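Subject: Structure for you to look at

Hello,

Please find the structure below, with the sequence alongside. My notes on what was found in it come after.

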Amino acid sequence: ITVVQAMGTIDFTPGPVDAVELGRLLARRSGGFFMTLNTPAFVADKRTRDSFVAHEQIRAVWQRLKQTNVALVGIGTLDNSVFVDRKVLKPADLKELKGYGAVGEICGRFFDASGVECDSPWRDRVIGIDLELLKEIPQVVGVVAGADRSAAICAAIKGGLLKSLVIDESGARALLEFAASAP
């Protein structure tokens, strides 16, 4: 298999649950190959993002993403996010994203309750798989733990961003309760 990183790194200290570390581990254990996206997840502006994406090394990863059969993605919320934990997003950023209707995030792409990417300035700063491309992948598996992500999961499902879900028991119970109370 070829494992392809679909979003740049969160910060300069990748931990054991970051895409780059998980990708390497998965490729190594499967005897496969790993293609890393050697960029930050968020850059200062659209011009900088476009410069990164134009680089030959990044274009090669993008081309391989277009051939992906299976994607494993995490689903974040604005209140429980690795971007917040690592100080990539500040309180003012969260307020701004909430103003755009954001309820969840996949690969650095913030989406609303319908699962549609928010038209925020962050959209032009992220180096991560486009949600429209994600929808075209035959099998997109959301991997989630915790009971606080129900709104984001439901939005991702509504938007056609997920085809399968791996979730822990507390998260599954919360999701069922949330879905039962949704209009």
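Phe42, Phe83, Phe110 and Trp122 are linked into a cluster by ring pairs. Please keep in mind that the model is predicted. The structure has 3 aromatic pairs, and two of them are described here, both involving Phe42.

In the pair of Phe42 and Phe83, the ring centres are 5.1 Å apart and the planes stand at 70 degrees, so the arrangement is edge-to-face. Phe42 is in the loop between β2 (33-35) and α2 (46-54), while Phe83 is in helix α4 (residues 82-85), so this pair ties together parts that are 41 residues apart in sequence.

Trp122 sits in the loop between β5 (109-111) and α6 (131-136) and Phe42 in the loop between β2 and α2, so here the parts tied together are 80 residues apart in sequence. Trp122 counts as buried because its relative accessibility is 3%, and buried means under 20%.

Trp122 has a charged neighbour too. Arg125 lies over the face of the Trp122 ring, at 4.1 Å from the ring centre.

Is Glu117 buried or exposed? Glu117 is buried, because its relative accessible area is 12%, against the cut-off of 20%. The side chain of Glu117 makes a polar contact of 3.1 Å with the side chain of Arg109.

Last, the surface. A nonpolar patch of about 560 Å² is formed there by Ile1, Leu26, Val70, Leu72, Val143 and Val166. One of these residues, Ile1, is found in the segment before β1 (2-4). Ile1 counts as exposed because its relative accessible area is 64%, and exposed means over 50%.

From Trp122 you can go on to Arg125, over the ring face, and then to Glu117 and its contact with Arg109. The patch that includes Ile1 and Leu26 can be viewed separately.

Regards

Note on methods: Residues are numbered from 1 along each chain as its sequence is written. Side-chain values use heavy atoms; hydrogens and water are left out. Patches are made of residues with over 30% relative accessible area and no salt bridge: like charges are joined within 9 Å, nonpolar side chains (Val, Leu, Ile, Met, Phe, Trp, Tyr) within 5 Å. Accessible areas come from the Shrake-Rupley method with a 1.4 Å probe; for residues, only the protein chains shown count as cover. A salt bridge is a side-chain nitrogen of Lys or Arg within 4 Å of a carboxyl oxygen of Asp or Glu. Helices (H or I, at least four residues) and strands (E, at least two) are DSSP runs, numbered from the N terminus. Buried means under 20% relative accessible area, exposed over 50%, partly exposed in between (1.4 Å probe, protein chains only). Rings of Phe, Tyr and Trp (its six-membered ring) pair if their centres lie within 6.5 Å; planes under 30 degrees apart count as stacked, over 60 as edge-to-face and the rest as tilted. A charge sits over a ring if NZ of Lys or CZ of Arg is within 6 Å of the ring centre and within 35 degrees of the ring normal. A polar contact is a pair of N or O atoms within 3.5 Å; within protein, one must be able to donate a hydrogen and the other to accept it, and residues adjacent in sequence count only if both atoms are side-chain atoms.
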